[in-house]
Amino acid sequence: MNDEPGAAAETAALFGKEGIMTEEELRELGRKARAASYKLAGLSEEQKNAVLCHAADALEVHTGEILAANAEDLKNAAANGMLAGLQDRLRLTEDRIRGMAQAVRDVAALPDPTGRVLETIERPNGLKICKVSVPIGVIGIIYEARPNVTSDAWSLCFKSSNAVILKGGSDAIHSNLAVTNVLRGAIAEAGADPDVLALISATDHETTDRFMRLNGYIDVLIPRGSGRLIQAVIRNASVPVIETGAGNCHIYLDETADPAKAVPIVLNAKTQRIGVCNACESLVVHRSVLGSVLVPVVQKLSEKNVQVYADPEALAVLRGAEEIPAALLHEASEADFGTEYLDYKISVKTVGSVEEAIAHINHYSTKHSESIITETKENAEKFLNGIDSACVYWNASTRFTDGGCFGFGAEIGISTAKLHARGPMGLRELTTYKYKIYGNGQIR
């Protein structure tokens, strides 16, 4: 723990200057984070949990300050014409802040992922080789208008003994600064080094580009946000990147889909929160159930004024249903099938088999989350095995792709990559491993 006086007083000085940060300023931030990560690796699980719980309490105590900062961001978002779904991502409420605090407590309650013996090998020469989980070190995260990511990311990194440097977007800068100041103050009050958490306040592209090339200081970079952000990081970063995915998520209504399951599942997946990456953006429908399943599904969606972009076959059936307002129905373009709307919009594609559904989804998917609604186990297994996405569901909403729902506490993001981590990234995904070798004088 850090007993040096004045640690809390340094909190406000962490974030650098408004405007462009120079490469040397970023390196200094990296040096502080690296030094803090070594101290953090020496803390016990009980010490880390005490800091996490104190920080969770602080979030609730300072709710008013955080909401005031968030109100400034929301005012700017409305003035700049931000989409409703993105404004929902940005918005904080008392309930959401309580949820942020609870997510930190949930992480504290999870087992420490570091120091686990993953494998033990005893060689004929007497060497004992132990593969042990260890922190990655310093993690960089670039994210957009999601202020809850600030506390989620820090709590997961802290519990897994990693320091973290955050680079949020300009849309949420006031909210992110408020949350980070509260957390850093709580970390220092609890006796740990507040430099385990840094937030870059400069919001210009030059600083972001320099951050993505901070080799030697950042061990891995995780982008979390739109497809455009993620691809920009992948193209421009020189440090290792874990790709987290945009979510063009599909639900396939199979020929034996039960409308009693399909209607609430699609309604939940599409409309519970439209601005999240695990929301359903595309329906794929077996032509035999266009009338019996798709029509009641779209009728329910119409109550939320969801705009439907359907292929000609599905559109003809939907236009023949009197209970669906014609103004909500549109002919789909090719682009619609590959679009993450983050809005009250959904595409519809007609297919003739589960194999055709799998082929369509694998072509247009962002490899995030897909679901099949069917009463036929054989088709379900074909779908579960054939879909090339991180999370694949049978008779359930795609909205469950979430670290909390998977029992991971919070999450650092949903990885659509295939190396190191895939799906919701929790504590274990924020560790690597090393080998400890025990000998008794052996030479080669």
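Helices and strands here are DSSP runs, numbered from the N terminus.

The model is predicted. The mean pLDDT of the protein chain is 91, and 95% of its residues reach 70 or more. One stretch needs care: over residues 2-17 the pLDDT is below 50. In the model, that stretch still has 33 contacts beyond near neighbours in sequence.

Back to serine 365. Is it buried or exposed? Its relative accessibility is 9%, so serine 365 counts as buried, because buried means under 20%. Which residues does it touch, leaving aside neighbours within four places in sequence? They are Asn248, His250, Glu370 and Ser389. With glutamate 370 there is also a polar contact of 2.5 Å, side chain to side chain.

Now go to helix H1 (residues 23-41), where arginine 34 is found. Arginine 34 has a relative accessible area of 17%, so this residue is buried too. Its side chain makes a polar contact of 2.8 Å with the side chain of aspartate 219. Aspartate 219 is one of several residues in contact with arginine 34 once neighbours within four places are left aside. Arginine 34 and asparagine 162 are 128 residues apart in sequence, yet their C-alpha atoms are 9.1 Å apart in space.

Most residues other than glycine have a negative phi. Serine 161 is not a glycine, but its phi is positive, about 65°. Asparagine 305 is not a glycine either, and its phi is about 60°. Where do they lie? Serine 161 is in the loop between helix H6 (148-159) and strand E4 (163-167). Asparagine 305 is in the loop between helix H11 (290-302) and strand E9 (307-310). Their surroundings can be compared by accessibility. Serine 161 is at 3%, so it counts as buried. Asparagine 305 has a relative accessible area of 52%, so it is exposed.

Finish on the surface. Leu118, Tyr433, Tyr435 and Ile437 form a nonpolar patch there. Together they have about 400 Å² of accessible area. Which strand gives the most to this patch? Strand E16 (residues 431-438) does, with three residues. Leucine 118 is found in strand E1 (residues 117-122). Its relative accessible area is 39%, so leucine 118 is partly exposed.

Key. Residues are numbered from 1 along each chain as its sequence is written. This is a predicted model: local features need pLDDT of at least 70, side-chain atom pairs count only at pLDDT 80 or more; totals for chains, interfaces and linings use all residues. Side-chain values use heavy atoms; hydrogens and water are left out. Buried means under 20% relative accessible area, exposed over 50%, partly exposed in between (1.4 Å probe, protein chains only). A polar contact is a pair of N or O atoms within 3.5 Å; within protein, one must be able to donate a hydrogen and the other to accept it, and residues adjacent in sequence count only if both atoms are side-chain atoms. Contact means heavy atoms within 4.5 Å. pLDDT is the predictor's confidence in each residue, from 0 to 100. Patches are made of residues with over 30% relative accessible area and no salt bridge: like charges are joined within 9 Å, nonpolar side chains (Val, Leu, Ile, Met, Phe, Trp, Tyr) within 5 Å. Accessible areas come from the Shrake-Rupley method with a 1.4 Å probe; for residues, only the protein chains shown count as cover. A salt bridge is a side-chain nitrogen of Lys or Arg within 4 Å of a carboxyl oxygen of Asp or Glu. Helices (H or I, at least four residues) and strands (E, at least two) are DSSP runs, numbered from the N terminus.
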